[in-house]
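The sequence and coordinates are shown first, and the discussion follows.

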Amino acid sequence: MDIAYFPGCSLHAMAHEYDTSTRLVCQRLGINLYEVPDWNCCGATAAHSLDHHLSVGLSSRNLALVKDMNLKQMTTPCAGCFNRLKTASVELKQNDDLTAEIEKLAGISLTGAKEVEVAHTLQVIMEAVGMEGIKEQVIKPLNGMKLAAYSGCLITRPRAIAQFDDPEQPVALDHLLQALGAQPVHWSHKAECCGGGFAASDTDIVVDLGGQVLEAARQAGAEAIVAACPMCQTNLDTRQRAIEDERGIKYNLPIVYFTQLMGLAFSYSPRQMGLNRLLTSPTTLLRSRGLS
Amino acid sequence: MGSKTVKKSNLVNISTLFTESRSFVAMVRQESGVDEKDCYQCGKCSAGCPLAFDMDYMPREIMRMLQLGMVDDILHSHTIWLCSHCITCYSRCPRSVDLPRIMDTLRLEAIKRGHAPEKQIKLFGDLFLWSVRQFGRVFEMGLIMGFNLKSGQFFKDIMLGPAMLLNRKISLLPHKIADGGAVKEIFDRTKEMEREGGHS
């Protein structure tokens, strides 16, 4: 399967390990990723907070670049980019007036861009490969590791745009972890907000919301939280010390990308999966399951 | 009676409001594509909003204030800045009111009129977009340093610095895209269109 790949700004910086692990895992699964040449930032929350047309305009340029690659599908591992790219894609398909305005704005034709389908990488893996296909690749099962599958907000919401899984009780990530031999825990916060874009501008919000997510995972007996979004991972990992200070509880919960765990189960080393780059070290957990 | 903590919003004369603010409400409806009258005030949005604890008006109240045309109170509120766009409210709304979209529209209108009670959130958004316009992508390190300098918190998160550098979590130079002109053009034309009287 050939598919255009949109890493997004975070995966080229803070979430470098998410990028590397995604590429290696997809390669193993027969999903050929082709990075969109010269892609630009989706504008994230800042752009659609300022002007909806700016947001759709920035994403439309990326969709048009995919068309130039002669590909019809694009995937991104970032939930934020996914939300922006798919919103643009759905709106261009549904609204001809908007398309005309964006064409004027971006100075490009969007006829081909309208045909491009966008999916989060979790969706691509679950739909193109599925649980059985994943199981076939597992060499080192995760040995019942107790994991909190954290879908967060934007992979499944809004329902009409995301068109994937359930916005309140998502299960795709749990199924994937099961296929790797882990034991996903039942917990309350799998689709709750981590504070998202307020990481720097209002850190107290992230400490509060992130703290609730960590506490819920602890109460459910999770040994780590599994993320599918660089913002969720960064918030829960970098703010974990502040959250621990605030709540007076030592969580010590590694926040791991789902692709890193897939890679481990496919017998890549922890270092190849960039697990040494996490601030909350997963080494003790990995050793306890004979994975490090 | 006699409570000094009563909110200003509890004391408005609603009989004159609607006529005065009809055009504003119509504009919000047009720009957001959401009909404020769809909301029947069940409060499910507020019950599930993860940011409600920090807001001055509940999301449900913003909808009611919009229905009543309380433009000034809405545009001065912190609530419209604190929506994190998690879309929980919209997923649960029995009337499918796209509240995050309304919040975007209201925030933009507040900016146009020079209201930004959440100064740091506004500053961060501005710097983020400056970075995207300049490089075509976000330069995280520059963004964080710029934010700390401009918000006067010179040493914010400095304790994270060594670990982030050691784990190669931050790059010291921006990635610049080749066709940066195309991105700048999208920014500039959007602004132009807005000056020419907005888009549909």
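## The interface of chain B and chain A

In this predicted model, the contact takes 57 residues from chain B and 57 residues from chain A. The size of an interface is often given as the accessible area lost when the parts come together. Here, chain B and chain A bury about 5,000 Å² between them, and 60% of that area lies on carbon and sulfur atoms. On the side of chain B, the residues that lose the most area to chain A are B:Arg137, B:Lys169 and B:Ile186, which together account for 13% of what that side buries.

## Polar and charged pairs across the interface

The interface of chain B and chain A holds 3 salt bridges. A salt bridge joins the side chains of A:Arg239 and B:Asp157, with an N to O distance of 2.8 Å. Polar contacts across the interface of chain B and chain A involve 16 residue pairs, both residues being at pLDDT 80 or more.

## Composition of the side of chain B

Several helices of chain B each supply at least two residues of the side that touches chain A: α5 (79–82), α6 (88–92), α7 (99–112), α8 (119–135), α9 (140–150), α10 (161–166) and α11 (180–195). The most is given by α11(B), with 9 residues. By residue class, the side of chain B that touches chain A divides into 29 nonpolar, 12 polar and 16 charged residues.

A:Thr280 is placed in the loop between α13 (258–265) and α14 (283–288) of chain A. Because its relative accessibility is 1%, A:Thr280 counts as buried, the cut-off being under 20%.

The side chain of A:Thr280 forms a polar contact of 2.9 Å with that of A:Asp237. Leaving aside residues up to four places away in sequence, A:Thr280 touches A:Asp237, A:Gln240, A:Arg241, A:Asn252, A:Leu253 and A:Pro254.

## Backbone geometry in chain A

Most residues other than glycine have a negative phi, and most peptide bonds are trans. The peptide bond from A:Arg157 to A:Pro158 is cis, with omega near -10 degrees. A:Pro158 belongs to the loop between β5 (146–150) and α8 (159–162) of chain A.

A:Asn143, a residue other than glycine, has a positive phi near 50 degrees. A:Asn143 lies in the loop between α7 (130–137) and β5 of chain A, and is partly exposed, at a relative accessible area of 45%. A:Gln163 is not a glycine, yet its phi is positive, at about 50 degrees. The loop between α8 and α9 (172–179) of chain A contains A:Gln163, which is partly exposed with a relative accessible area of 48%.

Definitions and conventions. Residues numbered from 1 in each chain as written. Chains lettered and ligands numbered in written order. Predicted model: local features only at pLDDT ≥ 70, side-chain atom pairs only at ≥ 80, totals over all residues. Heavy atoms only, no water. Helix = DSSP H or I, 4+ residues; strand = E, 2+ residues; numbered from the N terminus. Buried < 20%, exposed > 50% of the residue type's maximum accessible area, 1.4 Å probe, protein only. Polar contact = N/O pair within 3.5 Å; in protein donor to acceptor, adjacent residues only side chain to side chain. Contact = heavy atoms within 4.5 Å. Buried area = accessible area lost by both parts, 1.4 Å probe. Salt bridge = Lys/Arg side-chain N within 4 Å of Asp/Glu carboxyl O. Nonpolar A, V, L, I, M, F, W, Y, C, P; charged D, E, K, R; others polar.
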